2 protein chains.
Amino acid sequence: MQEFSYLNGQILPSEETKIHVSDLGFLRGYGIFDFFRVLKGRPVFLQDHLDRFEKGAKQMGLQVAESREKLQDIIFELIRLNPNELLGIKIILTGGYSADGFTPAEDPNLLIIPKPFTFRDSAAGLKLMSLEYRRDIPEVKTLNYVTPIRMLPKLKEMRADDLLYYDQGLISESSRSNVFIVKDERIFTPGTAVLPGITRMHLIAKCGGLFEIEQRAVTLAETLAADEVFVTRSSQRIQAVTQIDDRVFNRGKTGKITGKLQEWMMREELTLQDAY
Amino acid sequence: MQEFSYLNGQILPSEETKIHVSDLGFLRGYGIFDFFRVLKGRPVFLQDHLDRFEKGAKQMGLQVAESREKLQDIIFELIRLNPNELLGIKIILTGGYSADGFTPAEDPNLLIIPKPFTFRDSAAGLKLMSLEYRRDIPEVKTLNYVTPIRMLPKLKEMRADDLLYYDQGLISESSRSNVFIVKDERIFTPGTAVLPGITRMHLIAKCGGLFEIEQRAVTLAETLAADEVFVTRSSQRIQAVTQIDDRVFNRGKTGKITGKLQEWMMREELTLQDAY
């Protein structure tokens, strides 16, 4: 079926969304993006994602040409044009067509790309491989994924699903998700130098009735000694981590608390008024 | 005048070199590049640049579709089609059109983009601003320049031309050049965690008759206490650094040894057989 995307003021067939190679996202990785799911026509946590997108643009000195209202109109028009039960929408803003190949242009390039989406099996736990690495500008969702992509062959060789970044003994995040550890029924997650994940935010703010989540420095050592580890990610909600390097958690099964949070998150996402 | 570029097997007008937004260089900054000058139709240090490009591709798990001979043929054809006294040629290889937006495609995208080029005034010294930062995969010329581009407004505010990266007290490089310091007529440059610059390589290998250049760890403190500081860069050869932060070198003028090396480099570039 024909898919449609948005590029700088125009809606066009997705196969025609091409940019000139002087784009600074292409030449220098200079840009940001965000990603959210659309469930039966309703974007999940849309305002939160647009908040983060607009904030990231500001942090990178990039102007979002369209107002929040206009962005929403475009997104809903794209949802109408791409009728799918489950859709993933990526919104990208780059430094634009640069005259000298280094300096951002006056006008950034703005893209909104919807694609049919499928969930990974949520029952299957993730295996992470630890890597000493610190993301540049971790608080912003930039286009730079050079390190995790370069590690893909290594991940495959180790039969791992993703990386767990640590620096000077402290964990930060996975390549595309936030990390939480559970110890003695308490939950901890790094509070600084991580992407401000939307699922993470909702979990910390609203699952207080069930559990308390403390934001503080988390060492790699205590992560490996935890009872449960899980990650959050807009595209996959909450996923159990069943192995990090050689350490297997819960005999490879989703832990009790992780399971409860998964259920809570499903309900939260489906019932929250501000989710849409 | 009409300019021509190369994209995946085709030579086409430069304004038509567009790539689909599923390109992994665009979506994730996953790719490498190289850049060399062409003086009156003769590419400077071409084999060195292609050596580095091919090595970088291997380090990133990317296949260069064309043989060395074919690459050279394309480059010389582009030089013929873009007749300029001075040309800068950029050669880019990305992870290709990715099916899932994260995994490199079977076929990378290969681009060769020539552009008319002008030298910066070599008499004008550079002012650098120190920044605590370490490049990911410094030995490879990846597309990730998020941090230096983000710092452009700050550089402008400080009236600085470029950054000087340091990490844990040791300098590494500038955002687009290698750094050398001169103390008591001896020259030092960091030997690890820097881009293997082509100008740097020639300088270290061949100016031994004039001076000795030692590769070793260089602290930020000794850089600030140096007699002279200079940077090397394929696009600008050798440039004096006349200021770092508040520290002015040589009353803002090009130092004696830096000047001698600049002259040596000019001759080297013009006379070397293997330059072309």
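## Two chains and how they meet

In this predicted model, 32 residues of chain B are in contact with 32 residues of chain A. On the chain B side, β3 (18-20), α1 (24-28), β7 (109-116), α4 (146-150) and α5 (152-157) each supply at least two of the residues that touch chain A. By type, the residues on that side of chain B are 17 nonpolar, 10 polar and five charged. Below is a quick tour, starting with how the copies are related and ending with one strand of chain B.

**How the two copies are related**

- Chain B superposes on chain A through a rotation of 180°, with 0.0 Å of shift along the axis and an RMSD of 0.0 Å.
- That is the relation of a two-fold axis.
- The copies meet through the same surface, because 100% of the interface residues of chain B are also interface residues in chain A.

**A strand pair across the interface**

- Strand β3 of chain A (residues 18-20) runs antiparallel to β3(B), and three bridges join the two.
- Which residue of β3(B) stands opposite A:Ile19? The residue there is B:Ile19.

- Where the domains of chain A touch, 19 residues of domain 1 are in contact with 13 residues of domain 2.
- On the domain 1 side, β4 (31-39) and α2 (46-59) of chain A each supply at least two residues.
- β4(A) gives the most to that side of domain 1, with seven residues.
- The side of domain 1 that touches domain 2 in chain A is made up of seven nonpolar, eight polar and four charged residues.

**A closer look at strand β11 of chain B**

- Is β11(B), which spans residues 178-183, mostly covered or mostly open? This strand is mostly covered, with five of its six residues buried.
- One partner of β11(B) is strand β14 of chain B (residues 228-233), which is joined to it by five bridges and runs antiparallel.
- Within that pairing, B:Asn178 has B:Thr232 of β14(B) as its bridge partner.
- Another partner of β11(B) is strand β12 of chain B (residues 186-189), paired in the antiparallel sense over three bridges.

Methods. Residues are numbered from 1 along each chain as its sequence is written. Chains are lettered from A and ligands numbered from 1 in the order in which they are written. This is a predicted model: local features need pLDDT of at least 70, side-chain atom pairs count only at pLDDT 80 or more; totals for chains, interfaces and linings use all residues. Two residues are in contact if their C-beta atoms, placed from the backbone, lie within 7 Å. Helices (H or I, at least four residues) and strands (E, at least two) are DSSP runs, numbered from the N terminus. Ala, Val, Leu, Ile, Met, Phe, Trp, Tyr, Cys and Pro count as nonpolar, Asp, Glu, Lys and Arg as charged, and the others, Gly among them, as polar. Two strands pair if DSSP finds at least two bridges between them. Copies are superposed by least squares on the C-alpha atoms of residues with pLDDT of at least 70 in both. A residue is buried if 20 or more other C-beta atoms lie within 10 Å of its own, exposed if 12 or fewer, and partly exposed in between; C-beta atoms are placed from the backbone.
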